[in-house]
Structures are given as structure tokens and as C-alpha cells.
Amino acid sequence: MECIIKEKKKMGNDGESKVLNIELTQEKIKSIVNITYSQPVSYFRKKIKLEMDILKPYKAEKYPAVLFVPGGSFAHSYKENYLQQRLEIAKAGYVVASIEYRTIPDGVFPQSVEDVKAAVRFLKANADEYGIDKERIAIMGESAGGYLVAMAGATNGTRDFDKGENLSENSDIKAVIDIYGITEFGEEADFEIPDDVEEGYRATFLSVKFWLDDVRNNIELTNPIPHISSKTPPFLLMHGDADTLVPPIHTEKLHKALIEKGIESTRYIVTGAGHSDEYWFQPEIVNIIIEFLNEKIKNV
């Protein structure tokens, strides 16, 4: 009993309620999960269902939107990934959708790119339901997802890779965020398997090879750089200098190509960061992303 009394005194339990004044600085966020956005046919001619999750502010107004595309070596696409980053972006006043897409063995190139475009069209076709300003949509991806958003962004303003539902809408977007994405897949792409982690990366390499099998005779088609045009939107690229799975040369080549072709591009190298490690969950990274989004699709 003596211990309990001492603890109460320590907590200042004098019977009075405490007053807490709070400044409202954050939106209340709603989560909507497992929304079917497309039902394409798999590599084996079987109809499959692709889903997305949405984080959105509760207020009944229209917000700019960000479509997040996860990585996964083209072997899986977990829409639940990058939750911390997606939540922070939603809290900053965005509708944030995250998707799954066709991966091996259900999908090979260019089907994954087609799925990203289909997701953009779905958001535009359902903009009223989900509180989206369909003229202000950006796409963001990491690793394989970074590659897919780079491809979707490079082919912006065209009907390339537009297949499936909601074709009355276009798949144009206003900005691209490519986080340690692959850029090219040829022998010159510097996509080697490091000796110290050979077993872990061999599976990744084989996944990518299978994903590309149907276009080996036209590998340039898979590279976003030749697709860049005057309609390609601004890019934000980020890469870790300790990334041994997708070396930084990939985003460096893309960055230089965008600049050479007159497209706005900003690239950050993160010191000490590897591939999809803890560095990418730090507030400095998210703050740069939000600042870029604010400039390109929110405060315009």
C-alpha cells in the first residue's frame, strides 16, 4: 500500500483534470483496402484480379494523389510495403494509393507497366469517389517499382502501354519519384551478382531474366531513356551509394538523359544507404519527397 501511495504522489494525482491545448496540424486519415482496379489476363491466359489500397484524408474535398508502386524483383508486389512513407505523405494532404501488379509467372514485360498505367486510369475514373483531383497525380516507386514508374513517366502523353479498363481516361501524370530503380537490363547495365551475397541475389537475377524473356531481341524497348519526350514530367531520383543490388549508375544514367533532353530532374545520393534498408524510412527522405510533391502537384 505504501508503494501505491508514493506512486500516486509522484504522478501528481491531486484530483484535478489537466487541460491540454492542441493545435490542429494533421489530417485524419482513412484507410480503404483491397480495391480491385484491374482484371487482366495472366501470362498463361488466366484472368486475375489486381488490387490497391488507399490512404486518404477524411475531409470531403479533392486532393492531389500519389500512386505508389512497390518493388519485389518482378517476382512479387506487396501493396502493403512502404506503409510509413505512404502514411506520412497522406498526412501531408494527399490521397495515396498503393498497388499490386502482375509479377512472374503471371506477368512479364510489358504487362507490369500496363498495370501501372491501368491504376492511374482507375484513379482518374473514380476520382469523385476517392476525393482525387485527377489533374494532379504523381507516381512513386522503389526498386522494380522505381523502374515501372520511370517507364510510365517516360511514356507520358502517349497511349503506349495503355491496355485494359477505363480507356476513356488517359494515364498521364504530373511527376515521377524513382527510388533506387533499375534503368537498363542489357549486359552493359552493370547488374552483376556480388560475390558476398551471391545466393540471395541469384534469385533476383533469374526473376528479372524470366520477366524479360519475351523481349530479349528488343531490349531497348524496356529502357525508359529512349522513350523520353517533351511530354515526360519532372523526376525526383534517389539512390544509396552502398546499394549493391541495383548500383547507383542506373539512376545516374536516367538523370543525365532526362537533363540532356530538357526534362527537369533532381537526383539525391544518400550516403551509406543500401537497397531498401532503414535509411529509406528516415524523416529526411520523406520530407524531400513531400517537398517535391508540394512543388509539382500540390501548390500549383
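A residue counts as buried when its relative accessible area is under 20% and as exposed when that area is over 50%, with partly exposed in between. Keep in mind that this is a predicted model.

**Stop 1: helix α8.** Select residues 283-298. In this helix, I285, V286, I288, I289, I290, F292, L293, N294, K296 and I297 are buried. Now show what covers them: the list includes strands β3 (63-69), β5 (132-142), β6 (175-179), β7 (235-240) and β8 (265-270), along with helix α2 (83-91).

**Stop 2: two cis peptide bonds.** Move to the loop between β4 (95-99) and α3 (111-125), where P105 sits. The bond from I104 to P105 is cis, with omega near 5 degrees. P110 also belongs to the loop between β4 and α3, and the F109 to P110 bond is cis, with omega near 5 degrees.

**Stop 3: positive phi.** Select N34, in strand β1; its phi is near 60 degrees, a positive value in a residue other than glycine. Then pick S143, in the loop between β5 and α5 (144-154), which has a positive phi of about 60 degrees. Which of the two is buried, and which is partly exposed? S143 is buried at 8% relative accessibility, while N34 is partly exposed at 43%.

**Stop 4: a surface patch.** Finish with L20, I22 and L24, which make a nonpolar surface patch of about 430 Å². L20 lies in the loop between α1 (2-10) and β1 (29-38). With a relative accessible area of 68%, L20 is exposed.

Conventions: Residues are numbered from 1 along each chain as its sequence is written. This is a predicted model: local features need pLDDT of at least 70, side-chain atom pairs count only at pLDDT 80 or more; totals for chains, interfaces and linings use all residues. Side-chain values use heavy atoms; hydrogens and water are left out. Patches are made of residues with over 30% relative accessible area and no salt bridge: like charges are joined within 9 Å, nonpolar side chains (Val, Leu, Ile, Met, Phe, Trp, Tyr) within 5 Å. Accessible areas come from the Shrake-Rupley method with a 1.4 Å probe; for residues, only the protein chains shown count as cover. A salt bridge is a side-chain nitrogen of Lys or Arg within 4 Å of a carboxyl oxygen of Asp or Glu. Helices (H or I, at least four residues) and strands (E, at least two) are DSSP runs, numbered from the N terminus. Buried means under 20% relative accessible area, exposed over 50%, partly exposed in between (1.4 Å probe, protein chains only). The expected span of a helix is 1.5 Å times one less than its number of residues. Contact means heavy atoms within 4.5 Å.
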